[in-house]
Amino acid sequence: MSNLPVSDARGTTPLPEKSRRKGVFARLLRNWSGLVGLVLVSGYVFVALFAGFLAPYPPNAQHAVDRLQPPSSTYLLGTDEFGRDILSRVIFGAQNSLKVALSSVAIATLLGGALGMGAGYLGGAADNVTMRVVDLLFAFPAILLALFISAVLGPGERNTIIAISIVYLPIFARVTRASVLNVKDSDYVDAARSMGARDSRIIRWHILPNALAPIIVQISLALSWAILTEASLSFLGLGVVPPAPSWGAMLSEGRVLMELAPWTVFMPGVAIVVAILGFNLLGDGLRDVLDPKL
Amino acid sequence: MIRQLRTLPVVAVLLVLFLSLALAGCAPVGAPVAQPDAAATTAAPAEPATPKAGGVLIAARAADAKGLDPHVQTAFSSFRALEQIYEPLLRLNADMNVIPNLAESWAWSEDGKTLALTLRDNVKFHDGTPMTSADVKFSFERILNEATGAASRSFFTAIESIDTPDDYTVVFNLAAPNAALLAAVTNPNSAILSKAWLEGGADPAVDTNGTGPFKLKSWEPDNLMVLEANPDYWQAGLPYLAGIELRTIPDETSILAALRAGEVDWAIINDPRVGVTAATADLTLMRSPALAYHVLQLNATRPQFQDERVRLAISCAIDRQQVLDTASLGEGEVTAPATPLNYRAPLDELTCYTKDVERAQQLLADAGVSDVKFTMIAAADEPPTALAEAQNIQAQLEEIGVTAEIETLELGVYVDRWLKGDFDAAIALNGGNPDPDNMFYRYWHSTGNLNKVAGYSSPAIDALLDDARSTVDVAKRKELYLEIQKQLTAAAPWIWLYVGNEYRPMQKDVMGYTPLNNGSTVYLRETWLNR
Amino acid sequence: MQRYILRRLLTLIPTLLGISIIVFLVMRLIPGDTISAMIGTQFKLTDAQAQALRAYFGLDKSLPEQYWGWLTAALQGNFGVSVRSGRSVLQEILSRFPLTFELALLATLIAVTVGIPIGLLSAARRGTLLDLGARSFALLGMALPSFLVGTLIIYFLSARLHILPNAGNYVSLWDDPLKNLTQMFFPALTLGLAFSASVMRTTRSAMLEQLNSDYLRTARAKGLPERMIVRRHALRNALIPIITIVGFEAGYLFGGAVIVEDVFALPGVGRLLLNAISQRDYALVQGTVIFIAFIFVLVNLLADIAYTFANPRIRYE
């Protein structure tokens, strides 16, 4: 379940940028599973961004009189034991999970990417040491590391973000480093250098675009994993603090009510699966389109 | 082209799966859930005449004992295990009356200041040594010794001295008459330990040596505690069982599953949300109102709660029935501070038992505070509804602008902080007792050993407690305790919520078990398996 | 060959050291007074045990000194004492490990027996409804979190069918093999589901790669029957990458076991870790994390060595 797909970029010969971008999008649209993934992810992001407008009730508002209602016209997905609208909680749960996932993956990408790029470009001792440390982080099964860091830091959104970032950092470091190594010694970089181009320019115009493809694929897969991990941690009692809505926590709380009110478990469950599936499909699609050799 | 043809149906299949999953979630459960009935229990089948000896009872509960020292442990899960191994001098029967146990009779002196107990002469500790009055004296002195940290110390502070005129007679000399003493003696925290054993260097935190019907054979914490029958138990013929396996299954729905599948014979269910689903045709469910009460404890020594008006505002803002309905599915009833029915104050005579948001807001305004913030600690297992209670209270308090945060702790960690009074507020399930002195004295008297946990005292209440303790006249005691309850709810150091139910589901062939309102499972000694 | 294996095994040492350093540093993020506070009134340790625990954590010494002290103790097998039970951490872990190992093993078996055949069929019947079904199964399997699957299984089996899906009273394999296997089946199924999806995908793509390769085209052109091609050439060659992936991914099961053990209430190493975390039993947390990471690294190493064996091209480097 905690399968971290590692993509070693083998890279493609860089085309002039504009035509490459146009080709990518067109190809994505023709790739059906990627398209479905895109639709699901867009739906998820839309719901998360506009949660305030879409949710019929505030997520924590308790209507004790209406508790444990099955889905009805007033409460489309039913209510939990406090009379809170499950639909609203699922919607705001999307917001929470997106917040955590985006933040942690962003941090992992930026920090990990910087590390990997630096290590790859500089080479030598810096490369060696950095990659040793990165490899050590790989020595932990991902969920274990996330659980451990969360346990030490304590529950809460901020700590969950930190935990997930740390776990995903090594992957981005490796991916960017591989891309850098791929391109570093190629002819046109040599040519650029011999023309007097500065390192930063080389990185920006040659190395970065090349690394972009595998990074983007990795981001999508990382987001999927981040959503799953946030849900798992919340399920185990770490993660967000109640009463904030989190799909994992909703599932955990609903377990004891399964026989009386199964919708309290099914609804957040479906939401989790849809979100993860969406990012998985999107990642697969992107991989097929951007980096067919993978 | 081919690719498109392939992936589109994939997606269609997925959508179908999701819809079916979602629809399954909407359908109410096929098996009918027995609606909670006032005092309904699925009746135990008519008992055949003769109990059969032998067999091991597989028992399950969600929380394991937290330790083995009967004088120190306060968690209910610990009591349930320890009361099989250790015994007090007296005990409560199913009607909550005091009956003989290790002591076969007792007599009060005329002035009520001397209590003489006659011990049985055939009681042996598990190590084979006989129990004598020296052990009783030693045990009570250990309880009274502050260094022990005994949970029941305050019950016995009236004891000035203990005499042991002969091996089987113990005399308690009291400073003043104490009407609650007998009930206090029945508490598992007042168990009798062996003087020779302790003086020989044994540590009751890790070893056991009691007089009870069962001996501790092995203990893997949070997993399995194996008890075996005590062949030398003083009650002839008991226990019927050859042993008990106390399994810790942390999830009560798993316990229920195990019961249904016949893997477990008898269980303690604390969560009413699981308890109500246990009432099925193939299990016996004993459901009885509890004496233990759910309460929101406020720590009046903390800055935000020092002003009585703030505490009272919180009390007025909480609809207790709503907490009961959301957290415990309405299984139980709202209660006054004293839970035994004959001492329970009528709710309309207490302050703020009806939700009054305006009054609450007025009180806050009078106190001059506008945003009260605090953190409530809640244990994960005791009660299992703690987190739900906390969430409902949190939502209700938002109405008057009070912000409550919730901190969930594991039970052992929670109890440590609870005992130290290290919290702003705590959601708790505290034990009840047929005698209100045992419920109140150690918390509310300024000298009580749990006063730190209560966080409040007043000279007026001190006087009332002392008076009520030494008054023997029942009618007068009732009046005194009524007054105490009124004062407590007016000062609102705690918000008393409700009493719930105790659930004891078991296989149909488990016979002879009688549940007690204080949750005690001592009647396992009379339980037998009809197999 | 033996030298190669030895060399690979030796790499375990720096890895383990590194793991222990990371765990040690992360643990130090916990405020110091919390550690002394954990020796509380409810979990009463004997004085000797409390002393040993304080010495074990050595909070008054400097960080490198603390680590050195910890390391020397660990090399002697002393990982501290569990606050909860008073037993040594190592003892606690080792007594629970067989269950987790069995769970992971069963999950792998399930994943392989389900994933490989479906993957083969899927590759052989590419483009048909069977292929679609298999691929959607794989997609779903990777998207369903184990705690959701476990919860649903328990619900359907227990509430609707009154069958016990999990270990109400866990019996070990040696005591009662049949009972143990029935108890472990559903947890292993839950743990192995995502794994089987991954195995299926790998099998399918490995087989497809084989079936489309040049040498098979030659064999077909030569007129060899398809069945023989599949069985003798494609399958055998595809198995290498398949088994490699299985070996490398099996290690992750030890992480996933934490959640499954929680859902099914199994007394394994995973639940030991969760209990230790909630009880602030820090010595136990530390020891358990290092142990699970060690097993993970070991499994990966073994998979690596096995792959080297299987792939003759690499063997002689």
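Helices (H or I, at least four residues) and strands (E, at least two) are DSSP runs, numbered from the N terminus. The model shown is predicted, so local features need pLDDT of at least 70 and side-chain atom pairs count only at pLDDT 80 or more, while totals for chains, interfaces and linings use all residues. Residues are numbered from 1 along each chain as its sequence is written, and chains are lettered from A and ligands numbered from 1 in the order in which they are written.

**View 1. Leu329(B) in a loop of chain B.** Leu329(B) lies in the loop between α9 (320-328) and β13 (333-334) of chain B. Leu329(B) is not a glycine, yet has a positive phi of about 55°. Leu329(B) counts as buried because 22 other C-beta atoms lie within 10 Å. A residue is buried if 20 or more other C-beta atoms lie within 10 Å of its own, exposed if 12 or fewer, and partly exposed in between, with C-beta atoms placed from the backbone.

**View 2. Leu68(A) in a loop of chain A.** The loop between α3 (51-54) and α4 (86-122) of chain A holds Leu68(A). Leu68(A) has a positive phi of about 55° although it is not a glycine. Leu68(A) has 19 C-beta neighbours inside 10 Å and therefore counts as partly exposed.

**View 3. Two cis peptide bonds.** In chain A, the bond from Pro242(A) to Pro243(A) is cis, with omega near 5°. Pro243(A) is placed in the loop between α9 and α10 (247-255) of chain A. In chain B, the bond from Leu238(B) to Pro239(B) is cis, with omega near -5°. Pro239(B) is placed in the loop between β9 (224-229) and β10 (243-248) of chain B.

**View 4. Ser220(A) in helix α9 of chain A.** Ser220(A) belongs to helix α9 (residues 199-235) of chain A. With 25 other C-beta atoms within 10 Å, Ser220(A) is buried. Leaving aside neighbours within four places in sequence, Ser220(A) is in contact with Phe279(A), Leu282(A), Gly283(A) and Leu286(A). Two residues are in contact if their C-beta atoms, placed from the backbone, lie within 7 Å. Ser220(A) and Leu282(A) are 62 residues apart in sequence, and their C-alpha atoms are 6.8 Å apart in space.

**View 5. An open sheet of four strands in chain B.** The strands pair antiparallel in the order β4-β5-β7-β6 (chain B). The edge strands, each pairing on one side only, are β4 (103-108) and β6 (159-166) of chain B. Neighbouring strands of this sheet are turned by 20° against each other on average, direction ignored. Two strands pair if DSSP finds at least two bridges between them. Antiparallel strands β4(B) and β5 (residues 114-119) of chain B are joined by five bridges. Opposite Ser105(B) stands Thr118(B) in β5(B). Helix α3 (residues 133-144) of chain B lies across β5, β6 and β7 (169-174) of chain B, and runs at about 165° to β6(B). Axes are lines fitted to C-alpha atoms, for helices over the stretch in contact, and angles run from 0 to 180 degrees between N-to-C directions.

**View 6. Strand β16 of chain B.** Six of the six residues of strand β16 (residues 425-430) of chain B are buried, so the strand is largely enclosed by the rest of the structure. In a regular strand the side chains alternate between the two faces of the sheet. Ala425(B), Ile427(B) and Leu429(B) are buried on one side of β16(B), and Ala426(B), Ala428(B) and Asn430(B) are buried on the other. Strand β12 (residues 283-298) of chain B pairs with β16(B) in the antiparallel sense over six bridges. Leu296(B) has Ile427(B) of β16(B) as its bridge partner. Strand β14 (residues 373-379) of chain B pairs with β16(B) in the parallel sense over three bridges. Ile377(B) stands opposite Ala426(B) in β16(B).

**View 7. Helices α13 and α15 of chain B.** Helix α13 (residues 436-444) and helix α15 (residues 459-470) of chain B pack at an angle of about 145°, with their axes 10 Å apart. The contact involves Asp437(B), Phe440(B), Tyr441(B) and Trp444(B) of α13(B), together with Ile461(B), Leu465(B), Ala468(B) and Arg469(B) of α15(B).
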